[in-house]
Amino acid sequence: MSYSVERSHERVTSLCRLRTGDGLFGIETSAVREALDRYELREIPRAPKFVAGVLAYRGEVLLAVSFRALLGIAPGVEASVAVVLRDTETGELFALLVDELLDVAAVADSAWEPNPATLDERSGLLFSGIYRTPDAPLVWLKPQHLQPSWLMKHIDSALQIGEWR
Amino acid sequence: MPMSWSSDREYVDDLTKEFLIESSEGLDCMERYLNDLQGGSDNGPCLAEIFRAVHTIKGTVGFLGFGRLERLAHAGEALLSLLRDGRCRIDAGMIDLLTQLMDRLRAVLELIETAGHEGKRDVDDDRELIEALNGVTRGNKVAAPSRAASLPERPGNAIETTVRVEVETLNRLMNLVGELVQTRNQFQQAEVCEESFARLSERLDSATANLRESVMQARMQPVGQLFQRFARLAREVAAACGKSVRLEFSGGETGLDKSLLETLKDPLAHAVRNAIDHGIEPPAVRFPKGKPAEGKIQLRAFHEGGQIVVEVKDDGAGINVEKVVKRAVERGLISAERGRVIGNADAMELLFEPGFSTSDEITMISGRGVGMDVVRKNVERIGGTVELESALGEGTTLRLRVPLTLAIVPALIAHCGGQSFAVPHSTLLEMVVLYRREEAERIQRIGNAKMFLLRDRLIPLLDLSEMLGIGSDNENGFYIAILEAKGRRFGLIVDDMAEPQEIVVKPLSSALSSLSVYSGATILGDGTIALILDAAGLARSARLCDTGEGAAVVEAAEEGVASAHSRVRESYTPLLLFVDHRGQRAVVPLACVERIERLEPEAIETLAGEGVLQYRDELIALEDAGGLVQQANSARGREPLFVLICSRPTVNGMRVGLVVRDVVDAAEGKILPPSIWCDGRVARLSGRLAAFYPGFEPQMEDPKGASPAQHECEPNEGLLKEAA
């Protein structure tokens, strides 16, 4: 199912814009099930480093992935927003913790460019290209590359940030 | 250009999904009746049911546009029509052909479910099978197409994630939900005074309990559903092994939670394969033993003590414990020394070790050592236990005990390092509170291991805060939860315990499946999350589950069971306490000690590279594992050495000189039952523990009641005074 829409004869994609650290990122709006700004996080001792903990969501216990940990930046002091997504491999819901959820923006598909060749390995695994926007470059995040099942397989071995606490 | 991403794999519409579920059920029914036919049941009713299943598929696929399924079902239906009407007699070849038809129909259904289509629209794939079916219909002999020699593996399909619920049950659920809504409205609208609050709370409690009960009932499925799947597995495995096996079922109507039923599928399949491959003997072996040529495997399910018990019992050769131990020693799972003294119960435990197999050759069915450990792991994951009983020559019984449901379990909430953890009652034996002032007396260390004295039994102790790397807050005292997993008892130190409660079990993300210390999570009344501790995972993580001295022996000793194997001597015995070469407290029975020598290093001579001592015109070999003689020689001033001249009871009382660091005391000590984690035996002297020096451990009690040490060593009357 494609969520891209035709507008003025140009294909555009609706992205949820979010911020973590200094970076501006976008996730396809259709992939976001809900965003929670109030939640209680429960740490999981001995879990991989990218796991911030678990949180209660509509009677389920969701794994919370720290986007800061994935980016390799220190934990923030402010409360973060939990973006609820679905792990397409396991069918389980999970939460991606980001610093701030900004808005929803429609970006032209023609404004997309692949990751720069100079991008570091860690970011190369997480980012799926960049959209040129009037404000600032918007890094496109594919939910598949943020889901726990994928992270366990790739990030863990490639970057060692999946190492156990 | 970036590709668009779709969150859901919606390949099939609702109508097709319904068709898939119905067809799968029809094929399950077909499989059951094919098994009955194979077992020699009355042909008429069986063939009518099989015909109905295939006919229904054929009737539905037409308007859904699944041509491939239609062609297959049509060919099958034509043959089944002849068989049903008695115009053709069924034989083994036809049953095989119909089984192939069933497999092919299943494969196409699976393809539709996963890919949304039937595969290649080319009839070539099915031509051979359809021609064989048509040929038989025309009166030709059965020429079943060849098929790959593989064990049947049922793919996960829509039916495995679906439960059929009676409308009446749904109505009951709806009524209960209505009652909940009403109660909520009354809470919101009425002015809640103390009296009405109590009444409303009571009503809420009743509605919640009824709702829970009804939902649990709706999830219950008969175990027989699962049993039926093994009939064909057994037949094909038996054929592959060249054995003849009959599978018998009982208690199939016993209800079990749907999710538990699915989890039991693989363990039971392993058990059935094992029973046929390792248990049941070939007919040529069975016959001389007076057993019928056909082996028997019984699958039973029944309720017992609030649990469901599922048994797989065979009348095969039983487990040869000696062979198990020999193989375990060969594979380095246990030492040769341990192999010589290991008890039957512990030897059976070896079968559950990962990678263990007694099979001499690796076959397609077994012998790869992936079996029993998987069985135990899967069953423990759902809060169950596995027991194995075997009698050589008579057969083996594998017994799986599983809870009725996973959804809601009673648990105690523990606190540690400011975090909450749930300890399910199923693994919790008792709780002990320990104040700091009692710690030194009841918790002792040997090496870096902590242990706890509970009613004169040694219990290994784990500290949750240390294991999880979290802090602790237990300045004044702490709790010890006595847990049991895999038949092993251990204590878990936590900061505090809250009241017991019924918790709703929520699974943790599958990405954390390797974190075996947790079995799930639960949302507590205050909205916070508690992780559910997995006793078996904790024990594994702390490596308590290595097959050590028999926990069964310990258990029996505590319970006072009078069996020759389990009776251990627990009376006070005079012991000599010393500091061994590692600097640890050790003891030997005083009766074995002939003399304590304090020698200058020069008195020790070397013969063939070994230290020896001249003692009463006799050469005595010295045991100096820590190289203390060499250390004493190199030390400034040449320090004197302590040598204990002892008669070693295990080597016909042969004299040996033990070189030790220091002699501490000679006193009466209590010999404790075998420890489940410590290689040797341990005694308690003046409230502290000390390990027996290797080779001087007390033996199991002689039936006549005398200590073996007393048998073999001449007590030295003057030693107590001398040592003092």
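Student: Which helix is B:Glu22 found in?
Tutor: B:Glu22 lies in helix H1 of chain B, residues 14-38. Keep in mind that this is a predicted model.

Student: Is B:Glu22 buried, partly exposed or exposed?
Tutor: Partly exposed. Its relative accessibility is 39%, and the partly exposed class runs between under 20% for buried and over 50% for exposed.

Student: What kind of charge patch does B:Glu22 belong to, and which residues gather there?
Tutor: A negative one, on the surface. B:Glu22 gathers there with B:Asp13, B:Asp14 and B:Glu18.

Student: Switching to nonpolar surface. Which residues make a patch of that kind in chain B?
Tutor: B:Val163, B:Val165 and B:Leu170. The patch covers about 200 Å².

Student: Where is B:Leu170 found?
Tutor: In helix H6 of chain B, which spans residues 167-189.

Student: And why does B:Leu170 count as partly exposed?
Tutor: Because its relative accessible area is 46%, and that falls between the buried limit of 20% and the exposed limit of 50%.

Student: Strands now. How many residues of S5(B) are buried?
Tutor: Six of the eight. Strand S5 of chain B, residues 307-314, is mostly covered.

Student: What does S5(B) pair with?
Tutor: Strand S4 of chain B, residues 295-304, runs antiparallel to S5(B), with eight bridges joining them. S5(B) also pairs with strand S7 of chain B, residues 395-403, over eight bridges, again in the antiparallel sense.

Student: Where do side chains point along a strand?
Tutor: In a regular strand they alternate between the two faces of the sheet.

Student: Over to chain A. Which strand do eight bridges join to S2(A)?
Tutor: Strand S10 of chain A, residues 100-108. S2(A) covers residues 10-20, and the two run antiparallel. A:Ser14 stands opposite A:Ala106 in that pairing.

Student: How many bridges link S2(A) and S3(A)?
Tutor: Six, also antiparallel, with S3(A) covering residues 23-28. Here A:Arg19 stands opposite A:Leu24.

Student: How many residues sit between S2(A) and S3(A) in the hairpin?
Tutor: Two. A:Gly21 is in the turn, and its phi is positive, about 60 degrees.

Methods. Residues numbered from 1 in each chain as written. Chains lettered and ligands numbered in written order. Predicted model: local features only at pLDDT ≥ 70, side-chain atom pairs only at ≥ 80, totals over all residues. Heavy atoms only, no water. Pairing = 2+ DSSP bridges. Helix = DSSP H or I, 4+ residues; strand = E, 2+ residues; numbered from the N terminus. Patch = residues over 30% accessible without salt bridge, like charges linked within 9 Å, V, L, I, M, F, W, Y side chains within 5 Å. Areas by Shrake-Rupley, 256 points an atom, 1.4 Å probe, with all protein chains shown as cover. Salt bridge = Lys/Arg side-chain N within 4 Å of Asp/Glu carboxyl O. Lys, Arg positive; Asp, Glu negative; His and termini not counted. Charge placed at Lys NZ, Arg CZ, Asp CG, Glu CD. Buried < 20%, exposed > 50% of the residue type's maximum accessible area, 1.4 Å probe, protein only.
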